[in-house]
Amino acid sequence: MASVTHIIPVQGRVAPAIASRDPAVVRWGLTLVAILTIGVLIVVPVVNVFYQAFAGGLVAYWENLVGDPDTLHSILLTLAVAPVAVVANLIFGVAAAWAIARFQFPGRALLTALIDLPFSVSPVVAGLMLVLLFGMQGYFGPWLRDHGVQIIFATPGLMLATCFVTLPFVARELIPVMEAIGSEEETAAISLGASGWQMFLRVTVPNIKWGLLYGIILCNARAIGEFGAVYVVSGHVTGRTDTMPLRVEKLFQEYNNPASFAVASLLTLLALVTLLVKVVLEHKTRRDLAESARSTSIAGDAS
Amino acid sequence: MSQSNRHVLPGFSLSLGYTLLYLGLLTIIPLAACFGKVFSLTFDQFWAAVWTPRTIAAYRFTCTVSFLSSVASMLLGFVIAWVLVRYEFPLKRVFDALIDLPFALPTAVAGLVYSGLYVENGWLGQFLVPLGIHGAYSRFAVVLVLTFLGIPFVVRTLEPVLDSLEADMEEAAHLLGASRAQTFWRVIFPTLVPAMITGFALSLARGLGEYGSVVFVSGNMPFKTEIAPVLIVARLEEFAYAEATAIAVVLLGISFAMLISINLLERWSSKYHG
């Protein structure tokens, strides 16, 4: 859930002079508590995943990943499902952000709240809703069966469930970015005779590119890692509908911890890469904002 | 962003139309199906499905662990946000980046690793179990993993507020003779309360719906450590769709109440900060 992380940087940090007014005991004590908390809750688990995954050596690790056809299939299935959700929610996110950040219309606040809805629906409930619609006993179940389409307990169900839980990510990221940038440049492009798509590709996209990219990587991380919703619609057919997180669970249930941790280590690596990309994108956003502020002030001086 | 935008900028009907269509297909129709299914039950059937000793125990367990972990997230998250914004220490940027890990890490992985760390021969369990602290397959285990998931919500809502605090206010309080403790409780703390409550509510909402990590660490013992989403899955595996949906509607009701209160809180706190 990214509802509280935006890449728009906050203003400068409070001057250290204020901090130094806190007594040294308080400063050291609080810093210690913070580092211990992050260490125990976040660092130790991450290190443990890789330790357990590689405990049997590199060869065993590799065997655990590619030697088991079911595990290999789960990796490929995840690589097929996640991009669908990312692309679908990317298109939706751009459309929703354009409508919400650029126009005033009745029900705008309600629409914004609706976009957040998947964040507050338990993933299991999300999966259940799809089963009620497309399952054998569901509303469209008989019709789908007659036409030979299977959604639940098959890949399309996994894709739909993943789309639902990752729906808000790109939109939530883009709305504040587009509001912060404002519509002056776009208005100028249109009044200078650009077509809508020209304006979008030459003005809007370059302006929102980092926010867009950030939304995509968050959406991707969640799409690959989704468990609850996918769990309900997959039917747990080993080698057919198990995604990577479901495979982690199945191997864990089979007491095959080394293999379970091997798959988990890939997912953890992905999470770490996501964090790294986030840091880089934050840096770029800050630099771009500083640059645009500088160029505005130069333009102001020249006039 | 003015009304006149609609006459200048293109794409209003296209973008709004597509947004509504996509939202309708992906969220409104499934939600309607959920409520439609529940209305196929009589009230007595509905009540029999959602109010049994086992479901009551599950609601109570879900609410208790979510509440406890959100309190823990709020307190620890406050300390972390304070330290990250105000103090300097080695590797600070690394720690800052790591705060987001629970957002990016698949919950199944969190569950898997937490279930191994706190058992008797686990890295942390070897020290804690002899002390009688059981951080795996217990209520405490669920609180731990939900705290892991909840902390980033609190830290990331508090950070911008702490960052925007005016140094002048603290300086004025200091010059007027307030002690550091007085300055904190009377000047700084009140401005942080709305953000802390928002962070608390966000992590509570996350905890109430969480499934992936909890099934790994809780042990799923009926009447003891069973959460409500587990009951839904159990009903589904028995093909008791209507009963599963009834419990889901109760969970949805709780989620919507949370969503509305978060929105109200956000509006209230933004008013608070001008």
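Two residues are said to be in contact if their C-beta atoms, placed from the backbone, lie within 7 Å. Please keep in mind throughout that this is a predicted model.

**First stop: chain A as a whole**

Select chain A and colour it by secondary structure, and you will find 14 helices and zero strands, so that from the N terminus on the elements run α-α-α-α-α-α-α-α-α-α-α-α-α-α. The C-alpha atoms of this chain fill a box of roughly 70 × 60 × 35 Å, taken along the principal axes. Of the 303 residues of chain A, 46% count as buried, and among its contacts between residues at least 6 apart in sequence, 76% join residues at least 24 apart.

**Second stop: A:Gly93**

Now select A:Gly93, which lies in helix α4 (residues 69-102) of chain A. Is A:Gly93 buried or exposed? With 29 other C-beta atoms within 10 Å, A:Gly93 is buried, because a residue counts as buried once 20 or more other C-beta atoms lie within that distance of its own. Which residues is A:Gly93 in contact with, leaving aside its neighbours within four places in sequence? Show A:Val170, A:Ala171, A:Leu174 and A:Gly215, for these are the contacts of A:Gly93 once those sequence neighbours are set aside.

Two packed helices are described by the angle between their axes and the distance between the axes. To see where they meet, show A:Thr71, A:Ser74, A:Ile75 and A:Thr78 in α4(A) together with A:Met244, A:Leu246 and A:Arg247 in α13(A). By class, this contact has three nonpolar, three polar and one charged residues.

Next, select the whole of helix α13 (residues 244-253) of chain A, in which eight of the ten residues are buried, so that the helix is largely enclosed by the rest of the structure. Among these buried residues are A:Pro245, A:Val248, A:Leu251 and A:Phe252, and also A:Arg247 and A:Glu249.

Move on to A:Tyr255, which follows α13(A) and has its place in the loop between α13 and α14 (257-302) of chain A. Its phi is near 60°, a positive value in a residue other than glycine. With 7 C-beta neighbours inside 10 Å, A:Tyr255 counts as exposed.

Then select A:Phe153, in the loop between α7 (141-146) and α8 (155-166) of chain A, where phi is near 65°, again a positive value in a residue other than glycine. A:Phe153 has 18 other C-beta atoms within 10 Å and is partly exposed.

Select chain B, which has 14 helices and zero strands. Its C-alpha atoms fill a box of roughly 70 × 70 × 30 Å along the principal axes, and buried residues make up 46% of its 274 residues.

**Last stop: where the chains touch**

Show both chains at once. How many residues does each chain give to the contact? The contact takes 86 residues from chain A and 86 residues from chain B. Helix α2 (residues 24-54) of chain A gives the most to the side of chain A that touches chain B, with 16 residues, and by class that side has 58 nonpolar, 19 polar and nine charged residues.

Now select α2(A) with helix α4 (residues 53-86) of chain B, whose axes come within 9 Å and cross at roughly 115° in a left-handed crossing. Among the residues that make this contact are A:Leu30, A:Val33 and A:Ile38 of α2(A), and B:Leu76, B:Ile80 and B:Trp82 of α4(B). The residues of this contact divide into nine nonpolar, two polar and no charged.

Finish at the largest nonpolar core, which has 166 residues, and in which A:Leu128, B:Val145 and B:Ile247 have the most contacts. Select A:Leu128 and, leaving aside its neighbours within four places in sequence, you can trace its contacts to A:Val232 and to residues of chain B including B:Ile232, B:Leu236 and B:Ala248.

How values were computed
Residues are numbered from 1 along each chain as its sequence is written. Chains are lettered from A and ligands numbered from 1 in the order in which they are written. This is a predicted model: local features need pLDDT of at least 70, side-chain atom pairs count only at pLDDT 80 or more; totals for chains, interfaces and linings use all residues. Helices (H or I, at least four residues) and strands (E, at least two) are DSSP runs, numbered from the N terminus. Ala, Val, Leu, Ile, Met, Phe, Trp, Tyr, Cys and Pro count as nonpolar, Asp, Glu, Lys and Arg as charged, and the others, Gly among them, as polar. Axes are lines fitted to C-alpha atoms, for helices over the stretch in contact, and angles run from 0 to 180 degrees between N-to-C directions. A crossing is left-handed if the near helix is turned anticlockwise from the far one by less than a right angle, and right-handed if clockwise. A residue is buried if 20 or more other C-beta atoms lie within 10 Å of its own, exposed if 12 or fewer, and partly exposed in between; C-beta atoms are placed from the backbone. A nonpolar core is a set of buried Ala, Val, Leu, Ile, Met, Phe, Trp, Tyr and Cys residues joined through C-beta atoms within 7 Å.
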